[in-house]
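Please open the model in a viewer and keep the selection tool at hand.

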Amino acid sequence: MKSPIIEAKNINFDYEGRSILNDASLEIYPGDFMAIIGPNGSGKSTLMKICTGLMKPRQGSVTLFGKDINKFKEWGRIGYIPQKATSFNQGFPATVEEVVKANLYSRVGLMGRVNKQHIEKVQEVLDLVGMLDFKDRLIGRLSGGQQQRVFIAKALVSSPEILFMDEPTTGIDANSEKDFYALMDDLNKEQNITIVMVTHDIGAVSKNISRVICLSRGKAHEHGCGVDMAGLNELYGHDVAPLIHNH
Amino acid sequence: MEMLQYDFMQRAFVAGILISIICPIIGTFVVLRRLSMIGDTLSHASLAGIAAGMLGNFYPLWGAMIFSVAAAIGVEKLRKNFSQYAELSISIVLSASIGLAVLMISLADSFNADLMSFLFGSIIAVTGRDIIIMAGTSIFIIVSVLLLYKELLYIAFDEEGAALAGIPTETLNIFFTVLTALTIVAAMRVVGILMISSMLVVPVAASMQISKSFKSTMINSVIFAFLAVVLGLTISYYFNLAPGGAIVVLSVVILLLVIGTKKYILKRIV
């Protein structure tokens, strides 16, 4: 039996007097390809931010790789791509390489110097996401799908064991979305990276995911594998027709 | 170069060259973090410090340094209270600084030529002591930015991501605002309190028009600032003008030339 790499227990979180998470618990195991779904405002992004230390719960505990989150220091083991990753200042004058290099912090530390090996690692992850040819381009000049790949490369440069993504396909076109899920599948199966994503696009992701967590009324409920959609209509309160992109 | 025979002009040029390096370096981060107004706020805080120096009869630049660093820390602390309205913290500290400056000036009864030189900049006012302090401050700023370059870039681009990567963003934000305060104090003698914030912003704005990376944005903005300072000081010497005004107007002219040239080239390509 594998032990969880991330464990959130009995999480309570309030926002402006309203309970968002109410005794929600979540366990993430190595190799998982997990989708967290649920209606707007159900606390999906909040739970993800609590698991990555970006928000603190009112009550409850989070353990990362066996350590209490308050004592955890190895942040390079965790990659996170926020919901608005591609809604940054599009005029920011940084190249693709500069953006990815910025996340070398966990490898080189405060005031540490970037050496040849680090640059090679940057090139390796850019190659992995198919963006090496764009390394000298300004990040703001790329399409939404290309920018998303750069942010994945940025997260990968610290060699994370788990990658959190908050609605990663928002604002990218259907073709880029298909490529994106193919890349996620590759990272999960070939690179052994555990993947957790908050998404509304359960149809597109369902072919690849191993676990579905639904957030409803402040609690996390586990569903079977992605192709089992039973119960989603009840959860959303209306008919849910998953869209599978095969083109 | 006849003007360089004079000690005061040599000092003005040394001071000007230091300013043309540190202002755009700090300004690049200031502009990209959308904190352009912070220059005005901290310079007005330093005005209160100068008036305090005149009132307490101590070296005015120490007063400027203490007041502007205190204002810098105040801006960062307030920024947390208004996380969705970062510019509000800047406006609050700006208002408090202006109020305090006016009170100090009236208490010290110091609305005199010396104060005017701080407001509008002066070539002849730069002393040997000013140069030593400016050089020390500039070296500290340049070394700090070189050592913290990747951290400051990450925070400017994505503060949340930088925090998750383990970068101590709160501490570095305060440290960066203190660097901005020190830059303003170093530059105020030549450029003048009223025009310092332009030196932080305008060369960077010109550079962003043509630069193809973060590093080149910083380097090009230093080149533009250097041109504006050297030409501005020369013009102010020969035409007896306030150096701050000449330098800032030239910076804007350079910006307009860059925009115009870029448009012309783009038009020819299309």
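Select B:S211 together with the residues around it. Apart from neighbours within four places in sequence, B:S211 is in contact with A:L138, B:S216, B:T217 and B:N220. This is a predicted model. B:S211 is placed in the loop between α10 (196–210) and α11 (214–239) of chain B. Its relative accessibility is 5%, so B:S211 counts as buried. Display the side chain of B:S211: a polar contact of 3.0 Å joins it to the side chain of B:N220. The side chain of B:S211 also reaches the backbone oxygen of B:S216, at 3.4 Å.

Next, select α10 of chain B. Its buried residues are B:I196, B:S197, B:S198, B:M199, B:L200, B:V202, B:P203, B:V204, B:A206 and B:S207. Which elements cover these residues? The cover includes α1 (7–32), α2 (38–56), α9 (169–191), α11 and α12 (243–269) of chain B.

**The interface of the two chains**

Now colour the two chains separately and show the residues in contact. On chain A there are 32 such residues, and they meet 27 residues of chain B. About 2400 Å² is buried between the chains, with carbon and sulfur atoms giving 66% of that area. Select A:F92, A:P93 and A:Y105: these residues supply 26% of the area that chain A buries against chain B, more than any other three residues.

Twelve residue pairs are in polar contact across the interface of chain A and chain B. On the side of chain A that touches chain B, the elements giving two or more residues are α2 (96–102), α3 (105–108) and α5 (144–156) of chain A. That side of chain A consists, by class, of 18 nonpolar, eight polar and six charged residues. Two salt bridges cross the interface. To see one of them, select A:K49 and B:E160, whose closest N and O atoms are 3.3 Å apart.

A single aromatic cluster is formed by A:F92, A:F151, B:F29, B:Y149, B:F157, B:F176 and B:F214.

**Within chain A**

Chain A has eight helices and ten strands. Of its 247 residues, 51% are buried. Among contacts in chain A between residues at least 6 apart in sequence, 67% join residues at least 24 apart.

Select A:F65, in the loop between β4 (59–64) and β5 (67–68) of chain A. Most residues other than glycine have a negative phi. A:F65 is not a glycine, yet its phi is positive, at about 50°. Is A:F65 buried or exposed? A:F65 has a relative accessible area of 17% and is buried.

A:S159 is in the loop between α5 and β7 (162–166) of chain A. Its relative accessible area is 34%, so A:S159 is partly exposed.

**Salt bridges to inspect**

Select A:R58 and A:D14. Their salt bridge has its closest N and O atoms 2.7 Å apart. A:R58 lies in the loop between α1 (44–51) and β4 of chain A, and A:D14 in strand β1 (residues 6–15), so the pair ties together parts that are 44 residues apart in sequence. A:D14 is partly exposed, at 31% relative accessibility.

Move to A:D136 and A:K135, whose side chains meet in a salt bridge at 3.8 Å, N to O. A:D136 is exposed, with a relative accessible area of 54%, while A:K135 is partly exposed, at 22%.

Bring chain B back and select B:E151 and B:K150. The N to O distance in this salt bridge is 2.7 Å. B:E151 is buried, with a relative accessible area of 0%, and B:K150 also counts as buried, at 10%.

For the last stop, select B:R33, B:E76, B:R79 and B:E159, which are linked in a network of salt bridges.

Key: Residues are numbered from 1 along each chain as its sequence is written. Chains are lettered from A and ligands numbered from 1 in the order in which they are written. This is a predicted model: local features need pLDDT of at least 70, side-chain atom pairs count only at pLDDT 80 or more; totals for chains, interfaces and linings use all residues. Side-chain values use heavy atoms; hydrogens and water are left out. Contact means heavy atoms within 4.5 Å. Buried area is the accessible area (1.4 Å probe) that two parts lose on being put together, summed over both. A salt bridge is a side-chain nitrogen of Lys or Arg within 4 Å of a carboxyl oxygen of Asp or Glu. A polar contact is a pair of N or O atoms within 3.5 Å; within protein, one must be able to donate a hydrogen and the other to accept it, and residues adjacent in sequence count only if both atoms are side-chain atoms. Helices (H or I, at least four residues) and strands (E, at least two) are DSSP runs, numbered from the N terminus. Ala, Val, Leu, Ile, Met, Phe, Trp, Tyr, Cys and Pro count as nonpolar, Asp, Glu, Lys and Arg as charged, and the others, Gly among them, as polar. Buried means under 20% relative accessible area, exposed over 50%, partly exposed in between (1.4 Å probe, protein chains only). Rings of Phe, Tyr and Trp (its six-membered ring) pair if their centres lie within 6.5 Å; planes under 30 degrees apart count as stacked, over 60 as edge-to-face and the rest as tilted.
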